[in-house]
Amino acid sequence: FSPDGKQLLMVSGSNGDDDIYGVWLDRRDHERYEEDRDREENEGKGKGKGEESEDKEGGDEGKDGKKEAVKPLKVDAEDIHDRVRRLISWPSSDQLPLLDKKGETLVFRSDAMGSRAVFKAEVDGNKVKDPEKLADINPDQLELTQSGDKVYYRSGKSLGSIELKSGKVKPIRINGKMKLDREGEYLQMYREAWFTIKYQFYDEA
């Protein structure tokens, strides 16, 4: 799901290659996205000073620790298959799709240039601009950070982050120690072996 809960991203190999698809969960977003966006921009430009001050007051309330209620996820399932659109259709394997918080940047893994790497593409409603390589990383997993300006990746045993704007890669190093109780470990192994022989293997009769 996208961070705003309005879209569902998926990968399908129905056309031979793994392509990335998206679907608007509300038909109104699918049909009127560009119209609604233009109207919101015009309304924002036309705000007066009084309205701006009200917005600032509302923002201050949020800073005081008041959390907005989480809106329930709503899915308009009727004819939802008609709202599925292919976002990336390269002759390659495209996987691990993510959208940023604003739904304007799509991040994914692709082997379009021979080897797997992380790519990004600008999204404008139902239109996706030509993707560009973000980082030469072959991730097994991608996860958007809470701030929304980076993605975490896991590649094998390596962890790191990638900045969405610059593509800067920063490895995350984790050092840990584990203390083993050898005597306790061997005692537990003995108990488990004895349990198996007594109750599951050996029949006194």
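Modeller: Let's take a salt bridge. This is a predicted model. In it, Lys133 and Asp136 pair through their side chains, with N to O at 2.9 Å.

Colleague: Lys133 and Asp136: buried or exposed?

Modeller: Lys133 is partly exposed, at 35% relative accessible area. Asp136 is exposed, at 61%.

Colleague: How many salt bridges does the structure hold?

Modeller: Six. Another one joins Arg154 to Asp140, where the closest N and O atoms are 3.8 Å apart.

Colleague: Where do Arg154 and Asp140 lie?

Modeller: Arg154 is in strand 10. Asp140 is in the loop between strand 8 and strand 9. The pair therefore ties together parts that are 14 residues apart in sequence.

Colleague: And the accessibility of Arg154 and Asp140?

Modeller: Arg154 has a relative accessible area of 32%, so it counts as partly exposed. Asp140 is partly exposed too, at 37%.

Colleague: What stands opposite Arg154 in strand 11?

Modeller: Leu159. Strand 10 and strand 11, residues 158-163, pair in the antiparallel sense over six bridges.

Colleague: Which strands make up that open sheet, and in what order?

Modeller: Four strands, ordered 9-10-11-12, with antiparallel pairing. Strand 9 and strand 12 (169-172) are at the edges. Each has a single partner strand, so one side of each is left without a neighbour in the sheet. From one strand to the next, the twist averages 25°.

Colleague: Switching to packing. Which residues make up the largest nonpolar core?

Modeller: Twelve residues in all, among them Leu98, Val107, Val118, Leu134, Ile137, Leu144, Tyr153 and Leu164. Strand 8 (132-135), strand 9 (141-144) and strand 10 (150-155) are the elements that give two or more residues to this core.

Colleague: What does the second core include?

Modeller: Leu9, Leu99, Leu106 and Val123 are among its ten residues. That core is separate.

Colleague: New topic. What order does the sheet of three strands have?

Modeller: The order is 1-2-3. That sheet is open, and its pairing is antiparallel. Strand 1 (7-12) and strand 3 (84-88) are the edges. Each has a single partner strand, so one side of each lacks a neighbour in the sheet. The twist there averages 35° from one strand to the next.

Colleague: How many bridges between strand 1 and strand 2?

Modeller: Six, in the antiparallel sense, with strand 2 covering residues 19-24. Val11, for instance, has Ile20 as its bridge partner in strand 2.

Colleague: Which residue forms a salt bridge with Asp19?

Modeller: Arg86 does, with the closest N and O atoms 3.3 Å apart. Arg86 is in strand 3 and Asp19 in strand 2. They are 67 residues apart, so the pair links distant parts of the chain.

Colleague: Is Asp19 buried or exposed?

Modeller: Buried, with a relative accessible area of 3%. The cut-off for buried is under 20%. Arg86 has 43%, so it is partly exposed.

Note on methods. Residues numbered from 1 in each chain as written. Predicted model: local features only at pLDDT ≥ 70, side-chain atom pairs only at ≥ 80, totals over all residues. Heavy atoms only, no water. Core = buried A, V, L, I, M, F, W, Y, C linked by side-chain atoms within 4.5 Å. Buried < 20%, exposed > 50% of the residue type's maximum accessible area, 1.4 Å probe, protein only. Pairing = 2+ DSSP bridges. Axes fitted to C-alpha atoms, helices over the stretch in contact; angles between N-to-C directions. Salt bridge = Lys/Arg side-chain N within 4 Å of Asp/Glu carboxyl O.
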